[in-house]
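I opened the notebook for a look at helix packing and aromatic rings. Entries follow.

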Amino acid sequence: MNIITLKDIKPVPDIVHVYTPTLRESQTPLIIDNGSYQCRAGWACNDQPSLEFRNLIAKPRKDRNKKDGEVPVTPVVQIGNDIVNIEALRFQLRTQFDRNVVTHYHIQEQIFDYIFTHLGIDTDGQVPHPVVLTECFANPNSCRQLMSELLFECYDVPSVCYGLDSIFSVRQNQPNLDYALVISFGYHTTHIIPIVKGLPVPEKTRRINIGGFNILAFLHRILQLKYPVHVNSITLSRVEELLHDHCSIAYDYMDTLKNWASLEFYESNVRKIQLPFNQTGISAWLLTAEQRMEKKRELAKRLIELNAKRREEQQAEDQELLQRLLEIRELYREDKEEFDFALLEFQVKGIQELHKMIRKLTSKVERTKQRMTAQQEGTTSNTVEEKIPHPPVGLSVEDWVKQVKQQREALLDKRHTRRQRRQDLAKRHTAAAQERMRIISLLARKEKGTDDFGMRDEDWDIYKTISREGGDSDSEVENEKLVEFEEILRHHDPTFTIEEPQNSHSGTAEYHQLHLGVEIYRAPEILFQPSMIGSTEAGLAETIDFVLKLFPADEQLLLANNVFLTGSCAMYTGLKERLSRELLEMRPFQTPHKITLANNPTLDAWLGACGFTKDTEIFTKASVSKKEYDEFGGEYFKEHSAGNKYFPTPPAPIVELNDQ
């Protein structure tokens, strides 16, 4: 099976687009699809949005090594695609949303600044273009009021039109629809919106608090629990890539689980994902004892060279300081005023302290020079030729080699037996583990008050017997002995080769792989079974059935014949087939139904908003102008076919206190 490599795609920072004279002189509407996952912004006259970025900002922590006067290398706030390494700033990420509702308007203001700046709008103190802005279904009046206040007061826009992304999407695909059941998959929520006679019905709309973020977090968690060794490598960005590229909806979840329980099915369908790993870092697992000792010697030599270099640098600094102090001492006889100024510069109190510093520095320089000279002589004398081991007196080379081979094999067998015992003790049903539990149970049978274990010398043998490590482990003496044996065989036995160490798989590429099996179906299944993550809400199929039963039978038939899917989660393979099976089960016998997927579930909302502005008369009637905002207040809102329905904010209750 092919190994799948992670792409780890980094976002490309957005360019600043040209604000052309045509756009400057016209009243071209500005379309902003303000989603809780991604924001798309551009001009209504274009076929694609000019900007598409994650709706996030990041404020990196201040570098403590830099002074306040220095200019930081990175900007104070990074927004959208400017966040190149999102994992490095994961804990500094902020969003303006609370679920799918905008509540943090200081962050929303920074997002607007980013949009208008990168679109090239350079007019003084205002954005002279009508704005079409998407909002969540049943957006609270207070949130819309603050958004209008931000756009009109801060950016002085001429007008604002609020609309629903899901309705814009369905009208982009079906311009003249009368009845439809729109299922809008968002990042934090999923909405089932019935459209009757061309208008959404908010009273019979239902929301499920499950979205793309919950699926992502669930998959991230189960992969980290499955591979606890690779917790740091399984990042949210990589899990998001796996979710988009490999996950799908099961047609029948229980049948899928049964299929994956088969070993043959698992081996033929599992997807192996290669995690990045450091090849140089894992080579230490494959080194022999001789190679490890050689590596230690190289590290010690490198450390000696590094210390010598530092000593030379410190010696040069000390000599320079000593020369400077000697020059200051000469000034004592020549220029008294210059001498006092130099003492003040070096924070020396007088001539006595200056003489003391010179004596200390002179002795320090001499000691360092002697140490460096001795070290150089030692390194030249240590270059000894490699010694070739010879057999003991009275023993031939052949017999000596045979004896060393036997000793080496006995040492390796002893080490292998010890490691095998440790593995057996870790397992529950092995003979070693059962014998250990038997001895422990015998010790535990003693009556209360007679616990004298450890008082006798024989108890130490029992302790070593039941010890997890077997009372023995690999020691440095054994390693040195093994190196000595291998050195003898390497010189006197031409057929000798060192075998690769067993069970060293922890450093190989296979060890850094994720095997995606049933997880590719388990994570998206929470849309239909929220109880898998502890949610008490109904699943998608049950909610669709509940919404349909709120209408008469004839309208149920019309709604079921036009089930429209939009949003990024609608792109999961198998979703359409799964919903078709669920509708077939819940609908009356031989009742038809039809499910339609948006042409572009992620972009159709922005394109639908562009199409909405083409009819100038309808767009003007649906927009709130600056004059109307000043006259009626920020809560003023115009209803239209692609927007929310207006519900007046109830007045605050007046509580009368009766005097008693």
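Is F612 buried or exposed? F612 is buried, at a relative accessible area of 10%; buried means under 20%, exposed over 50% and partly exposed in between, with a 1.4 Å probe and protein chains only.

I noted the ground rules. The model is predicted: local features need pLDDT of at least 70, side-chain atom pairs count only at pLDDT 80 or more, and totals for chains, interfaces and linings use all residues. Residues are numbered from 1 along each chain as its sequence is written, and side-chain values use heavy atoms, with hydrogens and water left out.

I looked up the partner of F612. F168 and F612 form a tilted aromatic pair, 5.7 Å centre to centre with 55° between the planes. Rings of Phe, Tyr and Trp (its six-membered ring) pair if their centres lie within 6.5 Å; planes under 30 degrees apart count as stacked, over 60 as edge-to-face and the rest as tilted. F168 sits in helix α4 (residues 165-173) and F612 in helix α21 (residues 604-612), 444 residues apart. Helices are DSSP runs (H or I, at least four residues) and strands likewise (E, at least two), numbered from the N terminus. F168 is buried too, at 1% relative accessibility.

I then checked the other rings. The structure holds 13 aromatic pairs. F53 and Y114 are edge-to-face, because their centres are 5.0 Å apart and their planes at 70°. F53 belongs to strand β4 (residues 51-54) and Y114 to helix α2 (residues 105-118), so the pair ties together parts 61 residues apart in sequence. F53 is buried at 0%, and Y114 is buried at 4%. Y37, Y187 and F213 form one aromatic cluster.
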